[in-house]
Amino acid sequence: MKSPITILHTDNPVAAKDILTRNHPDLEIHSCDSYKALPYMIADTQAEVVYSVRFAGTPGFPRQDLLEAPSVKWVSVGGSGTDHMSPWDPNAVTVTNAAGVAADMMAQYALGAMFHFALGLPQFRAAQRRREWVSGIVEPIDGKSVLILGLGQTGQAVAARAKAQGLSTIGVRAHPKDTPNVDEVHGIKALPDLWARADFIVVCVPLLSTTRGLVGADSFAAMRPEAVIIDVSRGGVIDEATLVSALQSNAIRGAALDVFSVEPLPADHVLWGLENVIITPHCSSVYDGWDLKSVEMFSDNLWRYRNGEVLINIVNPERGY
């Protein structure tokens, strides 16, 4: 059995190390809670395995030092997104992710956004601020349709909850195949014909060269005026300039946005002032204990690594998942 020197690169190092030490008491395990210190720790320890969380955003993340360190053979990303790691040579280093660790939470976020707009909460909240009693109606979401871009674990979790609420589900994935709780599955090329069919659009694809700008001017032009777009993917999948234009002109009903091209979203960004937008700080996947659940997943995978077995959640750098 292998006994690889292992580094836990996380902002919660004590709890993470407690889990790993309990499950792998014989391993040499080091903790690092700094971007700047990680390259030095790798060099000093000659670590073979690094579990890494992007806990302080992308700027300053030691990607090159991590991926090109001669001793590092496996990087286990603590979240599902790996765009901050790209590109890498899969023949030199294996990258895995924690796909599924936050799928249920992100699906609940998406469902909450659907209810928010269907119930007219932005209008009622605005009236409340004016201390004005307004007449209004609320809408059921059952019977409506949701278009899900990306049918990985998050997309499938969205589909399951949407079906339970009585929505019809349309999904798009790179390689179409029958998928639980999805009424129709299409390829990316079918999108021009699908935009107009959706009351809600949930974006949960990885950020790749093929998905950057996937939702742009032509997409918004084809959407229904009552459509709501919900983005839990990565900044860059939606073209922000055309999104702003669509929101300002009421070409679509609204948006729930958890990711942005620049994070944190600059204080002077126009999106902050739009009443038909929900802005959250890239937190749809962040819930109490998510990071420790991710460490548990890593610990299980570490047994596979030590026993020479195939790892789960190996990421193909070209596909991004």
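Is Arg-54 buried, partly exposed or exposed? In this predicted model, Arg-54 has a relative accessible area of 21%.

Arg-54 takes part in a salt bridge with Asp-83, at 4.0 Å from N to O. This pair connects distant parts of the chain, 29 residues apart. Asp-83 sits in the loop between β4 (74-77) and β5 (94-96). Arg-54 sits in the loop between β3 and α3 (63-68). Asp-83 is also partly exposed, at 26% relative accessibility. A network of salt bridges links Arg-54, Asp-83 and Arg-234.

The count of salt bridges comes to twelve. Side chains of opposite charge can pair when their charged atoms come close. One of the pairs joins Glu-132 to Arg-130, with the closest N and O atoms 2.7 Å apart. Glu-132 is partly exposed, with 41% relative accessibility. Another salt bridge is formed by the side chains of Lys-144 and Glu-139, at 3.3 Å from N to O. The two partners fall on either side of the cut-off for burial, under 20%. Lys-144 counts as buried at 19%, whereas Glu-139 counts as partly exposed at 27%.

Strand β1 (residues 6-9) is covered on both faces. Thr-6 and Leu-8 are buried on one side, Ile-7 and His-9 on the other. In a regular strand the side chains alternate between the two faces of the sheet. β1 pairs with strand β2 (residues 29-32) in the parallel sense, over four bridges. Within this pairing, Leu-8 stands opposite Ser-31.

Four bridges connect β11 to strand β10 (residues 228-231), and the two run parallel. Ala-255 of β11 stands opposite Ile-229. Together with helix α9 (residues 240-248), β10 and β11 form a right-handed β-α-β unit. β11 also pairs with strand β12 (residues 277-279), in the parallel sense and over three bridges. Leu-257 has Ile-279 of β12 as its bridge partner.

The loop between β11 and β12 contains Asn-276. This residue has a relative accessible area of 13% and is therefore buried. The C-alpha atoms of Asn-276 and Asp-231 are separated by 14 Å. Along the chain, Asn-276 and Asp-231 are 45 residues apart.

Helix α4 (residues 103-118) has 16 residues and should span 22 Å at 1.5 Å a residue. Its end C-alpha atoms are 23 Å apart, which agrees. The buried residues of α4 include Met-106, Tyr-109, Leu-111, Met-114 and Phe-117. Several alanines are buried too, among them Ala-103, Ala-107 and Ala-110. Phe-115 also lies in α4. Phe-115 is partly exposed, with a relative accessible area of 31%. Phe-115, Leu-119, Leu-121 and Val-138 make a nonpolar surface patch of about 300 Å². Gly-120 follows α4 and has a positive phi, near 70°.

How values were computed. Residues are numbered from 1 along each chain as its sequence is written. This is a predicted model: local features need pLDDT of at least 70, side-chain atom pairs count only at pLDDT 80 or more; totals for chains, interfaces and linings use all residues. Side-chain values use heavy atoms; hydrogens and water are left out. Two strands pair if DSSP finds at least two bridges between them. A crossover is right-handed if, with the strands pointing away from the viewer, the path from the first strand over the helix to the second runs clockwise. The expected span of a helix is 1.5 Å times one less than its number of residues. Buried means under 20% relative accessible area, exposed over 50%, partly exposed in between (1.4 Å probe, protein chains only). Patches are made of residues with over 30% relative accessible area and no salt bridge: like charges are joined within 9 Å, nonpolar side chains (Val, Leu, Ile, Met, Phe, Trp, Tyr) within 5 Å. Accessible areas come from the Shrake-Rupley method with a 1.4 Å probe; for residues, only the protein chains shown count as cover.
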